Amino acid sequence: MGMTIELPALQRTDAATPNASSARLRRYAGPALGLLLPVGLAVVWEIVVWLGWSTGRLVPPPTKVFATIVELARNGELSRHIIATLTRVASGFVLGVAAGTLLGAISGYWGLARRLLDPTVQALRAIPSIAWVPLFILWLGIFETSKVALIAVGVFFPVYLGVMGAILSVDRKIVEVGRTFRLSGPAMIRRILLPAVLPAYVVALRVGLGLGWMFVVAAEFMGASEGLGYLLIDGQQLGKPAQILAAIVIFAILGKTTDWLIEIATAPLLRWQDAFGRQSGAA
């Protein structure tokens, strides 16, 4: 009788060990697979230049780009430019998310506000980012305020659309259930609307952050003396393609890192989802 009780427990322990090992392997294999394409392309281009099939003058090999990054880091320029760009993106992101979340929630929840606000917001969304530059310089000057305002504009629109669209797409039957249980307005938002909106809101935050990184380049074209966008212009004016590529690589690393941080920070809020993506990741 003792053997029949202990054997299932032993089998469960043995089964749990491979599962834990495979989960650990998947956790490290995902980032490694993501690095496979860029690292592979870099290695191929390095070999092409090394074999003399290309001069590498306009598109320098990865070793030269890496040497440029090391040189910028050694003389202290790299940290100064990164801090300036990160500060601008963070400030614009916070302002854009706050405005987009507030107006998107109002437009999604209140039909009259949506009819009043949404046509104007949709018209403003069609304006190219570069068209805001002379206006912001005229209104706010050429210093930091205009740069942060331009980034905030880029972040605002996807967050606004994401929040409003998510609220409008909430299943009406779920809302009716909340009304049947006589939930108050705040309780309806907290227990019905917020969980339903949260997945789309996280996607909107990530899209807004990506546009914030795009808009910071246009912002730093506005007479900036520091920042990664300044490095791009400086490299173009002085004919330094390695410096241009170094700035682009750093933009990519910072953009992916900040996107990953949002994904990590919001993951505990989305554990309740039984989504296809989770099943695919586990397969």
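Gly56 touches Val49 and Pro61, leaving out residues up to four places away in sequence, where a touch or contact means heavy atoms within 4.5 Å. You'll find Gly56 in the loop between helix 1 (2-50) and helix 2. Gly56 counts as buried because its relative accessibility is 6%; buried means under 20% relative accessible area, exposed over 50%, and partly exposed in between, using a 1.4 Å probe and protein chains only. Trp45 sits eleven residues from Gly56 along the chain, and their C-alpha atoms are 8.9 Å apart.

Before going on, a word on what you're looking at. This is a predicted model, in which local features need pLDDT of at least 70 and side-chain atom pairs count only at pLDDT 80 or more, while totals for chains, interfaces and linings use all residues. Residues are numbered from 1 along each chain as its sequence is written, and side-chain values use heavy atoms, with hydrogens and water left out.

Helix 3 has the highest confidence, at 93, and helix 11 (residues 276-282) the lowest, at a mean of 51. Residues 1-7 have a pLDDT below 50, and this stretch has zero contacts in the model beyond near neighbours in sequence. Where pLDDT is low, the predicted coordinates should not be read in detail.

Now for the overall build. The protein has eleven helices and zero strands, taken as DSSP runs numbered from the N terminus (helices are H or I with at least four residues, strands E with at least two). Of its 283 residues, 34% count as buried. Among contacts with a separation of 6 or more, 71% are between residues 24 or more positions apart.

Next, the inside. The largest nonpolar core has 53 residues, and Leu150 and Tyr201 have the most contacts inside it; such a core is a set of buried Ala, Val, Leu, Ile, Met, Phe, Trp, Tyr and Cys residues joined through side-chain atoms within 4.5 Å. Elements giving two or more residues to this core include helix 3 (77-109), helix 6 (144-168) and helix 8 (185-220). Helix 8 gives the most, with 15 residues. Tyr201 touches Val97, Thr101, Val159 and Val163, not counting residues up to four places away in sequence.

Helix 3 also holds His81, which is buried, with a relative accessible area of 0%. Apart from neighbours within four places in sequence, His81 is in contact with Ser225, Glu226, Gly227, Leu228, Tyr230 and Leu231.

Helix 4 (residues 111-125) is worth a stop too. Helix 4 bends by about 35 degrees at Leu117, with a proline, Pro119, following within four residues; the bend is the angle between axes fitted to the seven residues ending at a position and the seven starting there. Its buried residues are Ala113, Asp118 and Val121, and their cover includes helix 3 and helix 6.

Finally, helix 10 has 26 residues and reaches 38 Å from its first C-alpha to its last, close to the 38 Å expected at 1.5 Å a residue, the expected span being 1.5 Å times one less than the number of residues. Its buried residues include Ala242, Ala246, Ile250, Leu254 and Thr258.

Key
pLDDT is the predictor's confidence in each residue, from 0 to 100.
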